[in-house]
Amino acid sequence: MEKLEPLWLRVLGWLAELIGDQSRKRAMVDAGATPEQAEAVRLVSVPLGTGYSVEGERSMDAEKLRRLGESLAQKWPPKAEKDGTLVTFCNFSVQEAAQAYGCHDLDGMMANDMALALADGLIPSWRRALGDRAALHAQRGGLALAAKTYPGHGHVAVLAPEPMKFSGSWGYDVPCVYNVGKKNGLMKCSEAFAVAEGEPAYYIYGETA
């Protein structure tokens, strides 16, 4: 029965082949092989796997985010109280979205609490980003938020995996979000946040680049 060389020897041989046969043998001896082992070892190739696509995986992740955002918009409609006030649930929807990504940093927070904590850098797993960077992160299936403080109650929304769209209100392209508020659904950021108060800040969780 043919005797196989130790795997570490074969891998060393494969790596050292890149710089020539004599250098290969010398490198293997320096690493602990005997001259006989260095002479006799057969080279192996390590083929890369086929059938895997980074963009394909990102597309699947984006589809998961799309289904998540749509389900949250349906799950958390505004609720009219007896006195006529409208109760909205943007913080609950964002917490649930974050939990789907294994993030519990936002649990138990109101929208203003989230926006302030993110703006002050108190949650290390999140970092601020420009709108186009946050939108790209979402298009790759990553979790990104839009957040802004307001007197009384702030507002937060999950970015959708969609291209930026032009906002006539603000005069430039803005991300799209899955809004949970007085009106739920997929919309431009300028339709989800008070136009007069300006654009929200954007934050991304993790990396997809």
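**Exercise 1. Classify Lys75 by its relative accessibility, then find its salt-bridge partner.**

Step 1. Lys75 has 47% relative accessibility, so Lys75 counts as partly exposed. The cut-offs: buried is under 20% relative accessible area, exposed is over 50%, and partly exposed is in between (1.4 Å probe, protein chains only).

Step 2. The side chains of Lys75 and Glu96 meet in a salt bridge, 3.0 Å from N to O. The term requires a side-chain nitrogen of Lys or Arg within 4 Å of a carboxyl oxygen of Asp or Glu.

Step 3. Lys75 lies in helix α4 and Glu96 in helix α5 (residues 90-100), so the pair ties together parts 21 residues apart in sequence. Helices (H or I, at least four residues) and strands (E, at least two) are DSSP runs, numbered from the N terminus.

Step 4. Glu96 is partly exposed too, with a relative accessible area of 24%.

A note on the source: this is a predicted model, where local features need pLDDT of at least 70, side-chain atom pairs count only at pLDDT 80 or more, and totals for chains, interfaces and linings use all residues. Residues are numbered from 1 along each chain as its sequence is written, and side-chain values use heavy atoms, leaving out hydrogens and water.

**Exercise 2. Trace the network of salt bridges that includes Glu63.**

Step 1. Start with Glu63 and Arg67. Their closest N and O atoms are 3.9 Å apart, and they form a salt bridge.

Step 2. Glu63 is partly exposed at 32% relative accessible area. Arg67 is also partly exposed, at 47%.

Step 3. Glu162 lies in the loop between β5 (155-159) and β6 (165-167), and Arg66 in helix α4, so the pair ties together parts 96 residues apart in sequence.

Step 4. The network links Glu63, Arg66, Arg67 and Glu162.

**Exercise 3. Decide where the model's coordinates call for caution.**

Step 1. Take the average. The mean pLDDT is 84, and 72% of residues reach 70 or more. pLDDT is the predictor's confidence in each residue, from 0 to 100.

Step 2. Over residues 42-49, pLDDT stays under 50. The model has 13 contacts (heavy atoms within 4.5 Å) beyond four places in sequence for this stretch.

Step 3. Conclude. Where pLDDT is low, predicted coordinates should not be read in detail.
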